Amino acid sequence: QVQLVESGGGLVQAGGSLRLSCAASRIDFRVYTMDWYRQAPGAQRELVASVTAGGRTNYADSVKGRFTISRDNAKSTVYLQMNSLKPEDTAIYYCRLFVVTAAFAYWGQGTQVTVSS
């Protein structure tokens with residue numbers, strides 16, 4: 001049913017930028033909080049950024065001032081603009097849609113971000 005598809009990952013040098021996209025289908029995207037998580041090799045998955053249906057944003061301390069999350073409800077897409085990238089940002093980045101009433105999360109397949117020094 002519900003599908004989340006990430007894109008935009010790749011290999012960049014430290015200090016560079018990438019914009020990730022996550023397109024949702026077969027769900028009313030507009031009413032849900034959308035999140036970006038990331039998981040580095042050997043590490044646990046961590047929350048990077050969130051944007052609520054009302055447009056409120058939150059960020060992990062490690063990315064504040066460098067990353068920006070946004071959403072385009074007409075396109076059912078959430079974005080993560082990543083600037084001033086650091087090698088420690090290297091991870092697989094996942095998009096998540098959380099359904100509070102069902103306590104259920106939909107996850108994308110992930111997109112690899114690699115930052116070289």
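A disulfide here is a pair of cysteine sulfur atoms within 2.5 Å. This is a predicted model, where local features need pLDDT of at least 70, side-chain atom pairs count only at pLDDT 80 or more, and totals for chains, interfaces and linings use all residues. Residues are numbered from 1 along each chain as its sequence is written, and side-chain values use heavy atoms, with hydrogens and water left out.

**Stop one: the cysteines**

Select Cys22 and Cys95: their sulfur atoms sit 2.1 Å apart, forming a disulfide. A search of the whole structure turns up 1 disulfide. Look along the S-S bond and you'll find -80° about it, a left-handed link between Cys22 and Cys95. Now show the strands (DSSP E runs of at least two residues, numbered from the N terminus). Cys22 is in strand β3 (residues 18-25) and Cys95 in strand β9 (residues 91-99), so the bond ties together parts 73 residues apart in sequence.

**Stop two: the rings**

Rings of Phe, Tyr and Trp (its six-membered ring) pair if their centres lie within 6.5 Å; planes under 30 degrees apart count as stacked, over 60 as edge-to-face and the rest as tilted. That rule gives 3 aromatic pairs. Pick Tyr94 and Trp107: with ring centres 6.4 Å apart and planes at 85°, the pair is edge-to-face. Tyr94 belongs to strand β9 and Trp107 to strand β10 (residues 104-107), so this pair ties together parts 13 residues apart in sequence. Tyr94 is buried at 11% relative accessibility, while Trp107 is partly exposed at 34%.

Then select Phe104 and Tyr106, an edge-to-face pair with 4.9 Å centre to centre and 75° between the planes. Phe104 is partly exposed at 42% relative accessibility, and Tyr106 is partly exposed with 25%.

**Stop three: the arginine**

What does Arg45 lie over? A charge sits over a ring if NZ of Lys or CZ of Arg is within 6 Å of the ring centre and within 35 degrees of the ring normal. Arg45 lies over the face of Tyr94, 3.9 Å from the ring centre. The charged end of Arg45 also sits over the ring of Trp107, 4.7 Å from its centre.

Methods:
Helices (H or I, at least four residues) and strands (E, at least two) are DSSP runs, numbered from the N terminus. Buried means under 20% relative accessible area, exposed over 50%, partly exposed in between (1.4 Å probe, protein chains only).
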